[in-house]
Amino acid sequence: MATETLATRKPLPQEVGRFTSGWRLFFAASVVVLGFGIYALSRELSTGMVATGMRNVGTMGGASWGLYITMVVYFIGVSFAGITVAAVIRIFNLTKLRPIARSAELLTVVALILGALAIIVDLGQPLRGIINLFKYARPQSPFFGTFSLVIAGYLFASLVYLYLGGRHDAAAMARYPSRLSAFYRGWAAGYRDTPGEQERHSRTSFWLALAIIPLLVIAHSTLGFVFGLQVGRPGWYGTLQAPAFVVLAGVSGIGHIIVLAAVVRKVVHDKQRIGTEVFAWLGKLLMVLLWVYVYFMTVELLTLLYATPEVEKQLSDALIFGSYAWIYWGSVVLLVIPALILAWQALTRRWNVGVLVASGLAVNLAAIGKRYLIVVPSQTHGTLLPYEVGTYSPSWVEYAVVAAIFALGALMIGLFFKAFPALPLTEEEATVDA
Amino acid sequence: MRRTITGAMIGLGLILMVIGYFGAAPWGADSVANSDPRFGFAPTVFVLGVIVSFSAALVYELLPDRPER
């Protein structure tokens with residue numbers, strides 16, 4: 001009886017199941033953006049791709065890959081860091097970072113789903129595209145790797161990792177009296193936290209982490225190869241595409257994790273477990289990746305400026321001095337300034353969470369810019385046939401659909417953390433019985 | 001038992017991946033015109049192989065312990 005009374009009084013931990021007015025506002029705003037995006041998508045599906053700003057390359061002077069494909073590359077890039085951080089935490093037993101592991105895993109799953117959605121909205125006939133991929137995808141094409149390894153294998157592996165990692169907490173949450181207890185019992189699937197189960201989970205998570213890391217490097221390199229192997233497209237063909245994809249994926253993903261960690265820390269009011277040392281660790285990782293990417297950018301810039309063939313020169317002029325220059329230099333500034341700030345913080349060993357969050361947001365804006373520059377200019381300015389230079393501007397439909405995809409991602413994360421604890425439960429939180 | 005089933009699932013997944021890969025890749029096809037997968041939905045078989053392999057982790061953890069005598 002005493003147990004029951006205590007259990008009735010004890011609320012679900014970490015703000016789970018509590019919908020504050022701020023959260024309701026966030027939910028309503030996200031639903032509105034999502035609804036408008038669905039309306040825009042319905043316009044695209046009913047009127048055809050002419051509703052977008054995309055046009056055929058060359059003959060129609062446009063780009064057939066635009067904002068949607070930019071976002072595919074961006075979201076799949078974001079997914080990279082989440083599971084990498086989670087896997088590294090497990091393999092090297094980085095206990096300090098354990099509190100952010102679940103957020104990182106969730107970020108990967110959500111980003112991969114958003115990436116898949118961004119591909120689907122880019123298809124004029126989505127159903128036909130999906131069926132044909134399952135029926136005819138060919139391993140010689142990098143798309144096969146993107147589809148089979150990134151969307152299918154990598155997403156499934158991340159879901160398994162997230163699911164198994166959450167069983168312990170699901171079992172504890174099931175002991176709280178709540179409307180979600182059936183959901184927690186289902187997730188826990190009979191988990192009782194016995195030494196045998198703990199040992200098995202430790203072993204499984206280690207091997208899963210080991211299997212996921214090479215999988216994701218291959219998967220992200222394959223995505224780079226989608227562009228890097230196209231010989232007839234100046235600006236895309238190059239050996240640096242795959243490694244640069246992986247590094248920029250790390251930059252955008254770590255930036256996202258920093259932002260998400262700051263949000264979780266604020267929402268669950270736990271500055272102790274997600275302390276400054278967690279942000280310092282993430283900041284150092286972001287700084288190293290940023291400098292590697294800045295090096296890649298410098299090499300790319302020098303190569304573009306040094307005795308380039310005619311079509312490449314046309315492309316590099318557009319990028320550096322022409323119609324794309326504001327995106328190019330804007331992205332450079334948004335990457336270099338955070339790199340300098342992070343280096344300063346690392347040297348002085350004084351980490352400011354607000355500055356780190358601003359850096360995380362800045363590098364993500366830069367990552368979208370850089371992905372756009374990879375996808376679009378080579379189509380408008382990189383044709384080897386004697387076509388006029390093309391143009392591409394996304395239509396309102398594309399902006400609305402992309403905003404809706406972001407809103408859906410925010411909703412998925414927001415709803416998940418209202419149903420499941422964002423941080424691993426402490427012993428006190430996991431104990432319900434008196 | 002647990003290890004046997006897990007190992008078997010990983011093995012089955014790998015076999016499916018190999019079958020799916022070589023079924024989808026027209027290695028040795030005499031022309032580009034014959035470059036369709038050797039059998040329908042071969043890429044799906046590859047994806048299934050990846051999924052079965054990773055499902056082995058689920059089986060390893062979720063399989064209940066043998067009841068104590």
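In the predicted model, helix α9(A) passes helix α10(A) in a left-handed crossing. Helix α9 of chain A covers residues 241-267 and helix α10 of chain A covers residues 276-305; their axes come within 9 Å and cross at roughly 155 degrees. Because angles over 145 degrees count as roughly antiparallel, α9(A) is roughly antiparallel to α10(A).

On the α9(A) side, the contact is made by A:A244, A:V247, A:L248, A:G250, A:V251, A:I254, A:G255, A:I257, A:I258 and A:A261. These residues meet A:V278, A:F279, A:L282, A:L285, A:L286, A:L289, A:L290, A:V292, A:Y293 and A:F296 in α10(A). By residue class, the contact of α9(A) with α10(A) comprises 18 nonpolar and two polar residues, with no charged ones.

Chain B contains two helices and zero strands. Of its 69 residues, 36% count as buried. Among the contacts in chain B with a separation of 6 or more, 68% are accounted for by residues 24 or more positions apart.

Between the chains, 21 residues of chain B are in contact with 22 residues of chain A. The side of chain B that touches chain A draws at least two residues from each of α1 (2-24) and α2 (42-62) of chain B. Helix α2(B) gives the most to this side, with 12 residues. The residues of the side of chain B that touches chain A divide into 16 nonpolar, two polar and three charged.

Key
Residues are numbered from 1 along each chain as its sequence is written. Chains are lettered from A and ligands numbered from 1 in the order in which they are written. This is a predicted model: local features need pLDDT of at least 70, side-chain atom pairs count only at pLDDT 80 or more; totals for chains, interfaces and linings use all residues. Axes are lines fitted to C-alpha atoms, for helices over the stretch in contact, and angles run from 0 to 180 degrees between N-to-C directions. Helices (H or I, at least four residues) and strands (E, at least two) are DSSP runs, numbered from the N terminus. Angles under 35 degrees count as roughly parallel, over 145 as roughly antiparallel, 65 to 115 as roughly perpendicular and the rest as oblique. A crossing is left-handed if the near helix is turned anticlockwise from the far one by less than a right angle, and right-handed if clockwise. Two residues are in contact if their C-beta atoms, placed from the backbone, lie within 7 Å. Ala, Val, Leu, Ile, Met, Phe, Trp, Tyr, Cys and Pro count as nonpolar, Asp, Glu, Lys and Arg as charged, and the others, Gly among them, as polar. A residue is buried if 20 or more other C-beta atoms lie within 10 Å of its own, exposed if 12 or fewer, and partly exposed in between; C-beta atoms are placed from the backbone.
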